[in-house]
Amino acid sequence: MSRTRPRRPVRSFLVIVFGAGLAFGGPIHAQTYPSRTIEWISHSSAGSGTDLFNRNVSDLLAKEKIFPVPFMHSNRVGGNGVVAYNYVKSKRGDPHVVIALSVTVILTASARPELELGLDTITPLARFAQDPQVVAVRAESKFKTFKELVEAGAREQGSIVAGVTGPTGSGRAALYFIERETGVRFRFVTFKGGGDAVLATLGGHVELTTENMSEMMPLVESKKMRVLAVTGERRFKQAPDIPTLKELGYNIVVATGRGFAMPPGVPKEAAATMEAALKRVHDSPAYREYAERNMFEDAYLGSAEFARELVRQRAEHIEFLKSIGVVK
């Protein structure tokens, strides 16, 4: 007992020092965490919305020298996120692994008991934003408005093909709710990432995509892609001419939640240190500029609130999965 008592104040002091470093803007020179390269994981392909978001945040962490260790980007693609999340699960207790969460992907995996990837297989750190889906076509498309798209689809059911990320992602959810509200049936092709779905639309291989605005911003700005509608609660202030589906009379709101998590069972002190670092990035002018440029809806939640929100959203998401026959 006499040997263990002096250690507790030291541990508390280290946590205070970590927090002070973050609060006052200095780098974190932790003795115990981080002690080596941090692997920064995306479950989707390079150029996808999740990948771009992931790299931007980790680059800001590195640029601001918040941690005295390097970051290694890792795209672990496959199985609609299953490959990446199984890898994170296998790293139990290792706080040097961080994954960018596309909320819909982890909710889908957690709803399938055969995958054994419940919400207890991650340690939520923070949610930064909601990234709304859009209905977009290439500039040469005959569809100038969402109304024209729906009317054409109604005349010949199943004639219009959409590109989406996975059969259960946010893009697919948006397409499902559009079908439910309009009565139109679309065909869809799945891709490894939203960037791939956007490029397929640009190349005329599919007629539209319902992926994130952030994945096609350069193409929209260069007038190579046209956005017909947004699935968020409100219009983008940077693109006020694009209507929401709610404005057009459809009860549809779909967005990709973007945040971060660690493997299960990581030390609480390490998770708290990374959470504080992420909050510092979220509040930085550089991130705010990036978020505004990509039309993210700010929706920050700390670790405890984010964990509760995942549980709440999981119940809603299961209803969608049941509707498309993915789970019983």
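**Entry 1: a buried pair**

I looked up Arg-258 and Asp-131 and found that both are buried, where buried means under 20% relative accessible area, exposed over 50%, and partly exposed in between, with a 1.4 Å probe and protein chains only. Their side chains meet in a salt bridge at 3.0 Å, N to O, a salt bridge being a side-chain nitrogen of Lys or Arg within 4 Å of a carboxyl oxygen of Asp or Glu. Arg-258 lies in strand β10 (residues 255–262) and Asp-131 in strand β4 (residues 123–132), so the pair ties together parts that are 127 residues apart in sequence. I note that helices (H or I, at least four residues) and strands (E, at least two) are DSSP runs, numbered from the N terminus.

I remind myself that this is a predicted model, in which local features need pLDDT of at least 70 and side-chain atom pairs count only at pLDDT 80 or more, while totals for chains, interfaces and linings use all residues. Residues are numbered from 1 along each chain as its sequence is written, and side-chain values use heavy atoms, with hydrogens and water left out.

**Entry 2: other salt bridges**

How many salt bridges does the structure hold? I find 14. In one of them Arg-180 is joined to Glu-181, with the closest N and O atoms 3.7 Å apart; Arg-180 is partly exposed at a relative accessible area of 46%, and Glu-181 is partly exposed at 30%.

I then turned to Glu-292 and Lys-237, whose side chains meet in a salt bridge at 3.9 Å, N to O. Glu-292 lies in helix α10 (residues 285–293) and Lys-237 in the loop between β9 (225–230) and β10, so this pair ties together parts that are 55 residues apart in sequence. Glu-292 counts as partly exposed at 41% relative accessibility, whereas Lys-237 counts as exposed at 65%. I also noted that Lys-279, Asp-283 and Arg-288 are joined into one network by salt bridges that share partners.

**Entry 3: backbone details**

Most residues other than glycine have a negative phi, and most peptide bonds are trans. Against that background I recorded the peptide bond from Tyr-33 to Pro-34, which is cis with omega near -10 degrees; Pro-34 lies in the loop between α1 (7–23) and β1 (38–42).

Lys-65, which is not a glycine, has a positive phi of about 55 degrees. Lys-65 sits in the loop between α2 (49–63) and β2 (71–75) and counts as exposed at 60% relative accessibility. Met-295 also has a positive phi, near 60 degrees, and lies in the loop between α10 and β11 (297–301). Is Met-295 buried or exposed? At 6% relative accessibility, Met-295 counts as buried.

β6 pairs with strand β7 (residues 187–191) in the parallel sense over five bridges, two strands being paired if DSSP finds at least two bridges between them. Gly-163 stands opposite Val-189 in β7. I followed the chain from β6 through helix α6 (residues 170–182) to β7 and noted that this β-α-β crossover is right-handed, that is, with the strands pointing away from the viewer, the path from the first strand over the helix to the second runs clockwise. β6 also pairs with strand β8 (residues 208–209) in the parallel sense over two bridges, and there Gly-163 stands opposite Thr-209.

**Entry 4: the six-stranded sheet**

Six strands form an open sheet of mixed pairing, in the order β2-β1-β3-β10-β4-β11. β2 and β11 stand at the edges with a single partner strand each, so one side of each is left without a neighbour in the sheet. Strand β3 (residues 97–102) and β10 run antiparallel and are joined by four bridges, with Ile-99 opposite Ala-261 in β10.
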